[in-house]
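Welcome! Try each task yourself before you read the solution.

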Amino acid sequence: MPKKRVLVGYGIDVDAVANWLNTTDGSVQNPTNVSRGIYGATVGLDRLLTLFSRNSIKATFFTPAHTLESFPEQLAKVRDDGHEIGLHGYTHEYPSTLSAEQQKAVLDKSISVLTDFCSKAPLGYTAPAWSTSRQLIPQLEEAGILYDHSFMHHDLQMYFAPDNSHSWIETNNSQSADSWMKPMGKIKSSSIVEIPANWHIDDWPPLNPIPGRAGAQGFVDTAVIEKLWKEQFDFGYREYDTFIFPMSIHPQVSGKPQVILMHERMIEYINQHEGVEWMTFGEMAKEYLGGKIAGAKVEGGADR
Ligand SMILES: [Zn+2]
């Protein structure tokens, strides 16, 4: 069997209070949901730091600037433990719902807050709720960001994110069919390394109950999620000589006792495999940029 190389890492979205405050229309959030965010920034974060410390793992904490400014002592622990701190909006705003100017203002502010706190510029970005926009990649390029973790063109390989210049036409039944029967425009790559996002390696939808929201049922047995994640790892290990396994988690979800226990079992399982290297997402992106690990190429679309 050829020698394997697997880059494994945790991307932790320290949404804390910010994601609850992102009501998008100014509607009032209830204090119990805010308390779930405070739990994440305090109890959950501390438990994850202990988990990583016990297992000698350096991870990437994607932190809304609102979290950093509201819980600076907590994020100082993250920074001082040698973990990476990456961008995740200011108040967990969805780029998909903002104007280009608002997106730019959020990016500029959050880069400035993280740069001041870490005494160095952030390397990477993940979009809140992976709810992206066409302006996102061009704005990240302009800001000198190295990598993104929001798109889903692949699941187990890095690639250069498409520059979002490829056009497509949505159907509109009130118009003639001829108006939308056109192929997608040709995909061109940007300079941003993509460490793909993947809802199937994310703790939030299955393990975080939000009453009234069908997509956040939240009461799935962790044994089911553990099996789902292990199967994806097993497939990668069987099919590829080299691949990445980026897991996306949240302190307010994965800090719960039953989920910490699942992570302990996952880490032990992954570590049984030859060729596994734990690293931050920033380190993964640098491996790819340096040509030290192969990846994928996103192709498709037509000249029109
Ligand atoms: Zn988030």
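**Exercise 1. Find the annotated domain and describe its span.**

Start with the record: UniProt, in an unreviewed entry, places the feature "domain: NodB homology" at residues 31-236. Such annotations may be inferred rather than shown by experiment. Residues are numbered from 1 along each chain as its sequence is written. Keep in mind that this is a predicted model, where local features need pLDDT of at least 70, side-chain atom pairs count only at pLDDT 80 or more, and totals for chains, interfaces and linings use all residues.

Next, look at the span itself: residues 31-236 are 41% helix and 11% strand, and their end C-alpha atoms lie 42 Å apart.

**Exercise 2. Describe the protein chain as a whole.**

First, count the elements: the protein chain has eleven helices and nine strands. These are DSSP runs numbered from the N terminus (helices H or I, at least four residues; strands E, at least two).

Then take the extent: the C-alpha trace spans about 60 × 55 × 40 Å along its principal axes.

Finally, compare with a compact globule of 304 residues, which would have a radius of gyration near 19 Å; the protein chain has 19 Å, which agrees. The radius is taken over C-alpha atoms, and the globule rule is 2.2 Å times the number of residues to the power 0.38.

**Exercise 3. Work out how helices H2 and H4 pack.**

Begin with the geometry: H2 (residues 31-54) and H4 (residues 72-80) have axes 10 Å apart, at an angle of about 10°. Axes are lines fitted to C-alpha atoms over the stretch in contact, and angles run from 0 to 180 degrees between N-to-C directions.

Now classify the angle: H2 and H4 are therefore roughly parallel to each other (angles under 35 degrees count as such).

Last, list the partners: Ala 41, Thr 42, Leu 45 and Leu 49 in H2 meet Gln 74, Lys 77 and Val 78 in H4 (contact means C-beta atoms, placed from the backbone, within 7 Å).

**Exercise 4. Do likewise for helices H8 and H10.**

The axes of H8 (residues 222-239) and H10 (residues 257-271) come within 10 Å and cross at roughly 25°. H8 and H10 are therefore roughly parallel to each other.

For the partners, residues of H8 including Trp 229 and Phe 233 meet residues of H10, among them Met 262 and Tyr 269.

Technical notes
Parallel < 35°, antiparallel > 145°, perpendicular 65-115°, else oblique. Contact = placed C-beta atoms within 7 Å.
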